[in-house]
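Here is a friendly walk through the model below.

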2 protein chains.
Amino acid sequence: MKKVVIIGAGNVATHLYQSFKKAKQLDVIQVFNRNFEKLHFVKDEEQKVSVLEDLKEADLYIIAINDEAIEELAEKLYPKKGMIVHTSGSQAMQILSKFENHGVFYPLQTFSKNKQVDFSEIPVCLEANSEENLEFLKVIASAVSNRVFKVDSEQRKALHVSAVFVNNFSNHLFTLAADFCKKEDLPFDILRPLIKETVVKLESLDPYAAQTGPALRNDQKTISAHLEMLDGDRKKIYTILTESIQKFHGKKL
Amino acid sequence: MKKVVIIGAGNVATHLYQSFKKAKQLDVIQVFNRNFEKLHFVKDEEQKVSVLEDLKEADLYIIAINDEAIEELAEKLYPKKGMIVHTSGSQAMQILSKFENHGVFYPLQTFSKNKQVDFSEIPVCLEANSEENLEFLKVIASAVSNRVFKVDSEQRKALHVSAVFVNNFSNHLFTLAADFCKKEDLPFDILRPLIKETVVKLESLDPYAAQTGPALRNDQKTISAHLEMLDGDRKKIYTILTESIQKFHGKKL
């Protein structure tokens, strides 16, 4: 059994704790958070820690805290024999370079507090400062996920920005559409099946092939009618995305 | 049994034919298309028609052809006792006003040729030139779908533009992300679980509440790092969507 310490009490830390606890090969021995109260999700009282000096020896320390706070925490953390990793998509591996064995364990998913996720389906992107450490991380990651990838820092940055496009930005498009429907006394529910199918389609088609709509058809009449209904940011968003679809699919405006 | 004639042979016409055939209360008696060859999806040879004069009397004629072609077809169509509807999200009901009984039967979904859909889940948006005709359309729509809505022309326009946001535009964001990953030798598969969860989340949260990411957190360090990695349309899209998220959620840039 590999001994693991989790550092943090946010969404990522909570979900890591829950999935690690289920893995037979892993033994979560402690969970650290400066604010003790937030460790309510940890079942065993003795495993809760709020002072860094109380951390025990472990095979792996996973830092799952806000991106901006990782460097500061790393400074305060005493050197350990065990490996130290962070879980951030945007931070370089090097911010942990003071530790002999270090790396990144980046789960590419959106986590919400009260929403269960199946961790076995989550891609875990690994990086380490040696081949040996990478192999070690693979063993850990494979204990909780079926999708383990070796991803270097440049690739991880590309994934992080891609995640913003596919998750944050598409969710905002859904928000704008929901708001638009609300103004016309239409329930958001009426759009749900379309949103669902947009994603289900991608199981059999890649998104380039799945593209449809007035921009792709270069249907200027519909595009003009839509633009007349929009203003402000919504109009700007419609215009730039229509242009981008047309350029990307090789059609001229 | 209500006698139905379908006009068209594209994706919408094909899916309507398939679901109408299964409904006990409906009898598809003919399917019309100028190009006879494209009616290959119609099982009964005698039901295929390519000359408008050959159309029989029916209770309902559903025009499921390209938006731009509806008016021209309506001009050529002899007046009928039966009701005439189109299936377009963007066209006014009035383009069918020469017919005594007319309306709109707009299924709010994205249809692909070789992709089955469960029609019972598709919202069908109805409009008619009289209460009686609306009731008639409700009977038809309820025979194939569990989600039947009365939607006037203004509301239908709002839905159509909303559909572009939630389907066409989000799919384009997926395309841009897939392309970005490809450049970094990463498979699109690595993003699929995140895309799926983005939509699964909406079963329990509305999109406004589901918003996460650097724009919402006003995490300028991450936003700047992302912008440095992007150029052209991708940079413009990132900027406008980040601004829009911040304005919408009440945060200042």
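D185(B) sits in the loop that links helix 4 and helix 5 of chain B; helices (H or I, at least four residues) and strands (E, at least two) are DSSP runs, numbered from the N terminus. Its phi is positive, about 60°, although D185(B) is not a glycine. Is D185(B) buried or exposed? D185(B) is exposed, with 11 other C-beta atoms within 10 Å. By the rule used here, a residue is buried if 20 or more other C-beta atoms lie within 10 Å of its own, exposed if 12 or fewer, and partly exposed in between, with C-beta atoms placed from the backbone.

A word on the ground rules: this is a predicted model, in which local features need pLDDT of at least 70, side-chain atom pairs count only at pLDDT 80 or more, and totals for chains, interfaces and linings use all residues. Residues are numbered from 1 along each chain as its sequence is written, while chains are lettered from A and ligands numbered from 1 in the order in which they are written.

Another non-glycine residue with a positive phi is N218(A), where the value is near 55°. N218(A) lies in the loop between helix 7 (214-217) and helix 8 (220-229) of chain A. With 15 other C-beta atoms within 10 Å, N218(A) is partly exposed. S162(A) is 56 residues from N218(A) along the chain, and their C-alpha atoms are separated by 26 Å. S162(A) belongs to helix 4 of chain A and counts as buried, with 26 C-beta neighbours inside 10 Å.

| Residue | Other C-beta atoms within 10 Å | Class |
|---|---|---|
| D185(B) | 11 C-beta atoms | exposed |
| N218(A) | 15 C-beta atoms | partly exposed |

Which residues does S162(A) touch, leaving aside its neighbours within four places in sequence? They are A177(B), F180(B), C181(B) and L191(B). Two residues are in contact if their C-beta atoms, placed from the backbone, lie within 7 Å.

Now zoom in on one helix pair. The axes of helix 4 (residues 153-183) of chain A and helix 5 of chain B come within 9 Å and cross at roughly 10°. These two helices are therefore roughly parallel to each other, a label for angles under 35 degrees. Helix 4 of chain A contributes A163(A), V166(A), N167(A), S170(A) and N171(A) to this contact, and helix 5 of chain B contributes L194(B), I195(B) and T198(B). The residues of this contact divide into 4 nonpolar, 4 polar and no charged.

Helix 5 of chain B has several buried residues: P193(B), L194(B), I195(B), E197(B), T198(B) and V199(B). They pack against strand 7 (123-128), helix 4 and helix 5 (192-200) of chain A, together with helix 4 of chain B.

How do the two copies relate? A rotation of 180° with 0.0 Å of shift along its axis superposes chain B on chain A, with an RMSD of 0.0 Å. That is the relation of a two-fold axis; copies are superposed by least squares on the C-alpha atoms of residues with pLDDT of at least 70 in both. Among the residues of chain B, S170(B) comes closest to the rotation axis, at 2.5 Å (C-alpha). The same surface serves both copies, as 100% of the contact residues of chain B recur in chain A.

Finally, step back to chain A as a whole. Chain A has 9 helices and 8 strands, and buried residues make up 47% of its 253 residues.

Conventions. Axes are lines fitted to C-alpha atoms, for helices over the stretch in contact, and angles run from 0 to 180 degrees between N-to-C directions. Angles under 35 degrees count as roughly parallel, over 145 as roughly antiparallel, 65 to 115 as roughly perpendicular and the rest as oblique. Ala, Val, Leu, Ile, Met, Phe, Trp, Tyr, Cys and Pro count as nonpolar, Asp, Glu, Lys and Arg as charged, and the others, Gly among them, as polar.
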